[in-house]
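This report describes the fold and surface of one protein chain. Please consult the sequence and the structure shown here while reading.

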Amino acid sequence: AGNKPHNRLIYIDETRKNEVITLESGKKIVKLPNGQEVIDASRFAWDRDADVVIPSVKLAIQYKMLEDFYKLVKEDVKYQENIRTL
């Protein structure tokens with residue numbers, strides 16, 4: 001019932017980092033002394049931030065900027081219309 005993922009290593013000793021194999025898909029695996037292959041999840045948080053979190057934040061900021069720009073343009077149009085009616 002724990003939160004530990006199966007078939008993944010969250011820590012790899014510095015002396016074994018050269019044994020990490022990167023597949024074409026980008027997945028990193030390590031072969032244990034018993035021959036079992038496990039996934040290298042030691043950099044999961046950093047890789048996730050670069051691949052998911054940072055692009056999501058950038059997109060949210062872009063949408064916010066577009067929304068603010070639209071509001072400014074809309075207010076400017078109303079202002080210009082009010083000046084014309086005077």
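Val57 belongs to helix H1 (residues 44-85). Val57 counts as partly exposed because its relative accessibility is 45%, the limits being under 20% for buried, over 50% for exposed and partly exposed in between (1.4 Å probe, protein chains only).

The chain comprises one helix and four strands, in the order β-β-β-β-α from the N terminus. Helices (H or I, at least four residues) and strands (E, at least two) are DSSP runs, numbered from the N terminus.

Of the 86 residues in the chain, 9% are buried. The chain exposes about 7800 Å², of which carbon and sulfur atoms supply 58%.

Confidence is given as pLDDT, from 0 to 100 for each residue. The chain has a mean of 78, and 84% of its residues reach 70 or more.

| Element | Residues | Mean pLDDT |
|---|---|---|
| Strand E1 (lowest) | 8-9 | 68 |
| Strand E3 (highest) | 28-31 | 83 |

Residues are numbered from 1 along each chain as its sequence is written, and side-chain values use heavy atoms, leaving out hydrogens and water. As the model is predicted, local features need pLDDT of at least 70 and side-chain atom pairs count only at pLDDT 80 or more, whereas totals for chains, interfaces and linings use all residues.

Notes
pLDDT = per-residue confidence, 0-100. Areas by Shrake-Rupley, 256 points an atom, 1.4 Å probe, with all protein chains shown as cover.
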